[in-house]
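Here are my notes for anyone opening this one for the first time. Have the model on screen while you read, and take the points in order.

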Amino acid sequence: MEKFVVHGPCSLNGEVTISGAKNAAVAILPATLLVKGKCHLENVPDISDIRAYVEILEALGSKITHISKNELIIDNSNVNSAIASSELTSKFRASYYLLGSLLGRFDKVQISLPGGCNLGARPIDQHIKILEKLGATVEVRNGNVYASRKDTLKGAPIFLDMVSVGATMNAILAATLAEGTTVIENVAKEPHIVDLANFLNSMGAKIKGAGTDTIKITGVKELHQVSSYSIIPDQIETGTFMVAAAVTKGDVLIKNCIPKHMEPITAKLLEAGATVEEHADSIRVKMDKKPNAFTVKTSPYPGFPTDMQPQICILLAMSNGTGMIVENIWESRFQYTDELTKMGADISAHGTTAIVKGVDKLYSAPIRAHDLRAGAAMIIAGLVAEGNTEVYDIYHILRGYEDITSKFASLGANIEYVTDEEK
Ligand code: EPU
């Protein structure tokens with residue numbers, strides 16, 4: 001079994017560079033299927049979710065050349081299958097983007113029901129509704145999703161029942177090559193939605209309004225190759241280092257990020273008493289005292305991201321008062337609080353709300369990464385705690401954070417990667 005051993009406590013100081021955005025990359029890789037040619041992608045994060053996507057695409061017939069660990073050329077000229085391996089697609093959530101992208105190119109698509117972090121119910125009814133509105137037939141049977149179309153997809157007005165990142169991405173993917181105009185309302189506005197639209201527009205798509213509540217897509221007959229596209233920096237990785245810098249009373253310059261995307265997190269760090277300096281493409285976070293307590297409520301962008309909720313909880317756990325977290329996106333996102341309680345945190349979580357009373361110290365304990373972002377929070381807790389904190393189930397963390405141990409090491413942390421063989 002593999003684990004991280006985090007030697008605490010420590011204060012983070014220095015510079016760290018942010019990788020490409022996971023949640024943009026997992027939409028852009030399948031989006032390349034819409035073009036019968038080559039796409040050259042830069043700033044692709046080297047994480048296990050991307051390696052899994054590369055495997056899925058290769059199994060469909062894509063030819064993928066690794067120029068470097070963060071630069072790929074994907075050639076989809078010879079993709080001739082739209083039946084994705086169920087073993088691979090069932091492993092992670094973002095495989096549902098194959099529905100929209102493959103249906104743009106093929107008459108019949110099959111994927112497995114997507115897996116991913118266990119954050120509570122993760123229905124795909126909005127994805128299905130979108131594809132049906134565009135003229136497809138969708139059936140969910142025996143753990144698989146089957147989508148088919150008799151003719152080309154046809155543009156249509158679509159109103160999403162709730163703001164969904166994945167459904168918005170799939171609508172964009174499916175409508176790009178559809179005949180006519182699609183107007184989607186009540187869409188998600190996350191930076192990765194804008195990045196997907198920018199990528200497709202760079203190949204000749206006609207997508208307007210990404211980043212607002214309404215997206216209009218005028219279908220085009222085909223897309224052309226793209227010579228080079230650089231994926232945006234990861235908002236959540238940036239936020240993770242911002243919180244880690246503040247809670248360890250450090251001073252960290254976080255490079256290759258987009259400060260505008262960080263505003264909801266910056267606002268909470270300022271409330272906590274940190275100093276946050278914004279530069280053109282970097283942010284410096286400094287903190288030299290115990291954090292003030294605050295209330296945080298998650299909501300779709302530009303609100304406070306649910307994917308930063310576990311990390312910000314560590315700041316509250318070490319605060320000088322009582323704070324509150326209200327989780328409005330996922331129904332089971334507080335499972336990680338049991339792990340923090342083992343370390344001496346004072347957290348009472350019920351339903352959508354957690355009350356967090358600040359304590360003076362956390363102490364090491366064997367703890368689990370319940371999901372990707374909770375895993376990042378466990379590392380931050382280990383950096384604050386007295387002693388050696390063992391973090392198990394780290395495969396969750398490796399899904400979404402590139403070189404996490406060496407990035408923290410460059411800031412002065414000591415995190416060991418240990419496998420059974422090395423014990
Ligand atoms: N929802 C439905 N029906 C649908 C789709 C969503 O009811 O058809 C509900 C969900 O149950 C949830 C809410 O709508 O309550 C929002 O879900 P959304 O569709 O926005 O989430 P997602 O697309 O499945 C992405 C990220 C998640 C992130 C959420 C919210 C990717 C691959 N995943 O998930 O990221 O938490 O948006 O911002 O982009 C992570 O990176 O660790 C992660 C979990």
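1. Let's start with how the chain contacts itself. Among contacts in the protein between residues at least 6 apart in sequence, 74% join residues at least 24 apart; a contact here means heavy atoms within 4.5 Å.

2. A word on what you're looking at. This is a predicted model, where local features need pLDDT of at least 70 and side-chain atom pairs count only at pLDDT 80 or more, while totals for chains, interfaces and linings use all residues. Residues are numbered from 1 along each chain as its sequence is written, and side-chain values use heavy atoms, with hydrogens and water left out.

3. Overall build: there are 14 helices and 23 strands, taken as DSSP runs numbered from the N terminus (helices are H or I with at least four residues, strands are E with at least two). The radius of gyration is 21 Å, close to the 22 Å from the globule rule for 423 residues, so the protein is as compact as a globular protein of that length. That radius is taken over C-alpha atoms, and the rule is 2.2 Å times the number of residues to the power 0.38. Along the principal axes, the C-alpha trace spans about 65 × 45 × 45 Å.

4. How much is tucked away? Buried residues make up 58% of the 423, with buried meaning under 20% relative accessible area, exposed over 50% and partly exposed in between (1.4 Å probe, protein chains only). The protein exposes about 16,000 Å², and carbon and sulfur atoms supply 49% of that; the areas come from the Shrake-Rupley method with a 1.4 Å probe.

5. Now the inside. In soluble globular proteins, nonpolar side chains tend to be buried together. Here the largest nonpolar core has 81 residues, of which Y53, F199 and L200 touch the most other members. A core is a set of buried Ala, Val, Leu, Ile, Met, Phe, Trp, Tyr and Cys residues joined through side-chain atoms within 4.5 Å. Apart from this core lies another, of 71 residues, with A246, A274, L340 and F408 among them.

6. Zoom in on Y53 and its neighbours. Leaving out residues up to four places away in sequence, Y53 touches V26, L29, P30, F92, A94, S95, Y97 and L98. Y97 and L98 are also among the buried residues of α4. How many residues of helix α4 (97-105) are buried? Nine of its nine, so to speak a mostly covered helix. The buried set includes R105.

7. Next, G61, in the loop between α2 (48-60) and β4 (63-68). With a relative accessibility of 28%, G61 is partly exposed. Its C-alpha atom is 7.1 Å from that of N76, 15 residues apart along the chain. G61 also touches N78 and V79, not counting residues up to four places away in sequence.

8. Two peptide bonds to check by eye are cis. One joins G8 and P9, with omega about -5°, and P9 is found in the loop between β1 (3-8) and β2 (13-17). Another joins Y301 and P302, with omega about 10°; P302 lies in the loop between β17 (295-297) and α10 (309-317).

9. Finally, which residues have a positive phi without being glycine? N256 does, at about 60°, in the loop between β14 (251-255) and α9 (263-272), where N256 is partly exposed at 28%. D393 does too, with phi near 60°, and sits in the loop between β22 (387-392) and α13 (395-398).
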